Structures are given as C-alpha cells and as structure tokens.
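Dear colleague,

My findings on helix packing follow it.

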Amino acid sequence: MRSSGDVDVNALERVGQALDRLRIELPSWGFANTGTRFGKYLQPAAAVTTAEKIADAGQVHALTGSCPTVALHVLWDLPRGLDDVGEVARVAQAHGLTPGSINPNLFQDQEYKHGSFGNPSAAVRERALAHCRQSAAIARHLGSRDLSLWCADGSNYPGTANIRARKRWFEEGLSALHGSLAPDQRLLVEYKPFEPAFYHTDIADWGMALLFARRAGPQARVLVDTGHHYQAQNIEQIVAWLLSEGMLGGFHFNDRRYADDDLTLGSIDPYQAFRIFHEIAFFEWESGSRADIAYVIDQSHNLKGKIESMIQTVTQAQALVAKAALVDCEALASAQKAADLVRAETFLQDAFACDVRPAIREWRAAKGLPLDPMDAFRQGGYLERVTRERAGRPGSDASAYA
Ligand SMILES: [Mn+2]
C-alpha cells in the first residue's frame with residue numbers, strides 16, 4: 001500500500017476480500033438486560049425472550065452483513081433443553097440467522113458455588129459433565145459446531161482448594177466431554193485470570209487452556225477472550241503462538257481498561273485489536289491457509305443501547321480487519337528478515353493510520369448494504385417499535401449475569 005493514506009485499487013480489493021470473509025458472531029446475551037455486581041440499569045427495549053434476542057441480532061446482521069450467526073446460552077436461551085431446539089432454529093431462520101456457538105452455563109446454579117468440573121464433590125462434577133453433554137446434543141441438533149466453555153471455577157483463599165486435584169478433575173471431565181462430541185464438533189476452552197474467584201482460577205491463562213485442550217482431545221481448541229488477561233499482556237503474541245500450534249479456536253471480542261470490563265471492541269485500544277487481526281492475516285499469508293477461527297462478540301452493555309452498541313462493535317471490527325488487510329505481508333517479511341526495524345514497524349503503523357471508511361462504504365454499496373449501518377438503524381424505526389412492544393412487561397427486569 002501507499003503511505004499517503006489513500007487506498008489504491010489493489011488495496012480496495014484486499015479490503016473487499018477481507019470483509020467478504022469476516023464473520024463475527026453476536027451474543028444473544030448482549031441484547032438482554034444483564035447486570036453488573038452493583039446494579040442493573042434496565043432498558044425498555046431490551047430483549048426478554050430468546051426470539052427477541054435473535055430478532056435484534058437479525059437487525060445487526062441485516063445492516064452490517066457480517067453477523068450470520070448468534071451465540072446461545074443454554075440456560076438462558078434454551079431453558080427446556082432439546083425441547084427448545086425446534087423453535088430456536090425456526091426463529092433464527094426467520095431472521096436470516098443460524099445458531100452459532102452453544103454456551104453451557106456452569107456458574108449460575110447454586111451447586112456450582114465451589115466449582116463445576118473442579119468441584120470437590122463428584123456429584124457436582126457429574127452434573128457439570130451432564131449439562132455439557134446435553135449442550136453438545138443441543139449444538140448437534142441446531143447444526144452448531146462449537147461448544148464454548150467458560151468455567152468460573154476457582155477459590156478465594158489460600159489453602160482452601162486442592163489445586164492439583166482440581167486440575168486432574170478438569171482433565172477427566174473435559175476428556176469425557178470430548179468423547180461425546182460428534183466428529184465435526186469442537187470444544188473451545190476459555191481462560192480468565194481472576195473473577196469471580198480472586199485467589200486461584202482453575203483455567204487462569206492460555207497455557208492452562210492449551211494443556212486442557214490438548215489433553216481433552218483433537219477437537220478441542222483454545223478460546224481467547226480479549227478481556228481475560230492481566231494488564232499489559234501481549235495478546236497478539238498469545239494469538240501467534242496458538243496459531244503456530246494449530247490450537248486457536250476462537251475469540252470473544254471486547255475491550256478493557258482495567259479487567260474484564262466488557263467495553264466495546266476497539267473503544268480503548270483499537271491498535272491492540274488491529275495487531276491481533278494482523279497476526280492472523282500474517283499467519284494466513286505465510287501459511288497459505290485460512291485460520292479456522294470463530295469470532296464472537298462477548299459484551300453486555302448496561303449503559304449503551306444494546307443494538308446500537310453491537311452495530312458499533314461490528315463496524316469497528318470491519319474497520320480494523322480492513323486495516324489489517326492493508327499490511328503488505330511480503331514487504332513486511334522482507335523487512336523483518338533484514339532486521340529493518342523502522343521499515344517493518346511502519347508497515348503496521350501506515351496500515352493502521354489508513355482511512356478505510358471509503359473502501360468499506362464501497363464494499364457495502366456493492367453488497368446492497370446501507371452505507372452507514374448506524375444511521376440506517378436510527379432511521380429504520382425498529383428501536384421505537386420494540387420499545388413500545390417490550391416496555392413494562394413482566395420479565396423485563398429478569399436477571400442474567402453476563
Ligand atoms: Mn468470554
């Protein structure tokens with residue numbers, strides 16, 4: 001690319017190709033009233049039923065063109081388990097979507113007070129396994145590939161948990177779960193350093209998730225939630241290592257300032273997200289293969305409008321992916337080889353500084369999408385309609401903690 005800030009024809013094509021391939025999954029829980037530990041500010045337009053969450057996700061996909069799937073939480077979206085599968089599939093199809101990753105819930109029920117797969121009680125560990133197996137069955141019936149696991153397991157005080165025993169129980173549980181996957185299913189293992197546990201967390205970092213995934217079986221991969229790292233951790237290095245190991249299964253996207261803040265992707269540090277997208281693009285260029293990665297948004301907005309914040313997130317992801325597509329990987333590789341530091345770094349900085357908005361508008365026009373998805377949403381009347389329909393109903397204050 002040129003460093004003038006203009007997007008030339010070749011670059012325009014690269015942006016178009018990158019956007020054509022971008023699929024970013026929306027979380028059903030991002031459209032409902034969800035809470036912080038301290039309080040919850042209710043939105044009259046928030047979705048209550050699974051059908052409403054899917055309808056809202058359908059709006060975001062219709063306007064952005066990048067979100068054909070919706071992630072589902074078993075406990076919140078399919079409370080009757082397999083009996084809810086038919087209706088969820090029907091509603092998704094009606095809104096132009098397909099069900100995406102299936103997320104078991106191993107942290108909300110009272111039984112999980114001291115953990116799920118790491119619980120000292122064999123009965124609770126069995127219960128966690130049974131719930132995950134049922135979730136895998138739900139995924140099969142919905143045609144969803146990924147079973148996405150986040151375990152809140154951990155302890156709050158030194159000496160209160162047998163860390164090695166819990167590791168062993170996790171290995172046993174995850175292997176047993178892997179054994180009940182269909183051949184085309186994947187098990188994604190997410191990690192998080194702390195919260196809700198504040199002394200030790202059983203899957204605290206990418207290395208632990210990698211070990212568990214390797215031991216579970218060949219269909220297990222690591223899921224990187226961008227908010228689940230210590231301050232200043234080099235996330236793109238983790239991404240590069242997992243790519244190199246063939247173990248990067250997916251992302252949960254959000255941004256953070258302090259901890260797992262669930263802020264809008266790129267709102268605090270867009271260069272961080274850009275560097276992640278760049279490492280993936282660079283890997284794909286170098287290997288000549290597509291990285292098989294599930295991109296999922298994991299954000300629950302308590303203050304911003306829920307649909308608007310998702311549109312904002314997706315358009316931000318489109319912009320950052322477009323910028324990453326502008327890095328001239330061949331020239332970068334040769335600068336790296338020559339240890340030409342400033343030149344190498346400048347390839348990233350130039351791409352990041354490039355104004356990709358005209359190229360993205362061209363792509364949208366070619367796809368028959370609105371040139372400005374946010375403006376189209378605000379003009380479209382959907383929010384006013386659902387606010388009228390949903391306000392004041394019983395259940396609109398229903399609790400979920402995402
Ligand atoms: Mn997550």
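In this predicted model, α1 crosses α13 in a right-handed manner (a crossing is right-handed if the near helix is turned clockwise from the far one by less than a right angle, and left-handed if anticlockwise). Helix α1 covers residues 9–21 and helix α13 residues 357–367; helices are DSSP runs of H or I with at least four residues, numbered from the N terminus. Their axes lie 10 Å apart, at an angle of about 60° (axes are lines fitted to C-alpha atoms over the stretch in contact, and angles run from 0 to 180 degrees between N-to-C directions). The angle therefore makes α1 oblique to α13 (under 35 degrees is roughly parallel, over 145 roughly antiparallel, 65 to 115 roughly perpendicular, and the rest oblique).

Leu12, Val15, Gly16 and Leu19 of α1 meet Ala359, Ile360, Glu362 and Trp363 of α13, where contact requires C-beta atoms, placed from the backbone, within 7 Å. By class, this contact has 6 nonpolar, 1 polar and 1 charged residues (Ala, Val, Leu, Ile, Met, Phe, Trp, Tyr, Cys and Pro are nonpolar; Asp, Glu, Lys and Arg charged; the others, Gly among them, polar).

A second pair is formed by α4 (residues 85–94) and α5 (residues 122–142), packed at about 45° with axes 10 Å apart. That angle makes α4 oblique to α5. The crossing of α4 and α5 is right-handed. Val85, Val88 and Ala89 of α4 contact Ile138, His141 and Leu142 of α5, giving 5 nonpolar, 1 polar and no charged residues.

Residues are numbered from 1 along each chain as its sequence is written. Because the model is predicted, local features need pLDDT of at least 70 and side-chain atom pairs count only at pLDDT 80 or more, while totals for chains, interfaces and linings use all residues.

Yours sincerely

Technical notes
Helix = DSSP H or I, 4+ residues; strand = E, 2+ residues; numbered from the N terminus. Contact = placed C-beta atoms within 7 Å.
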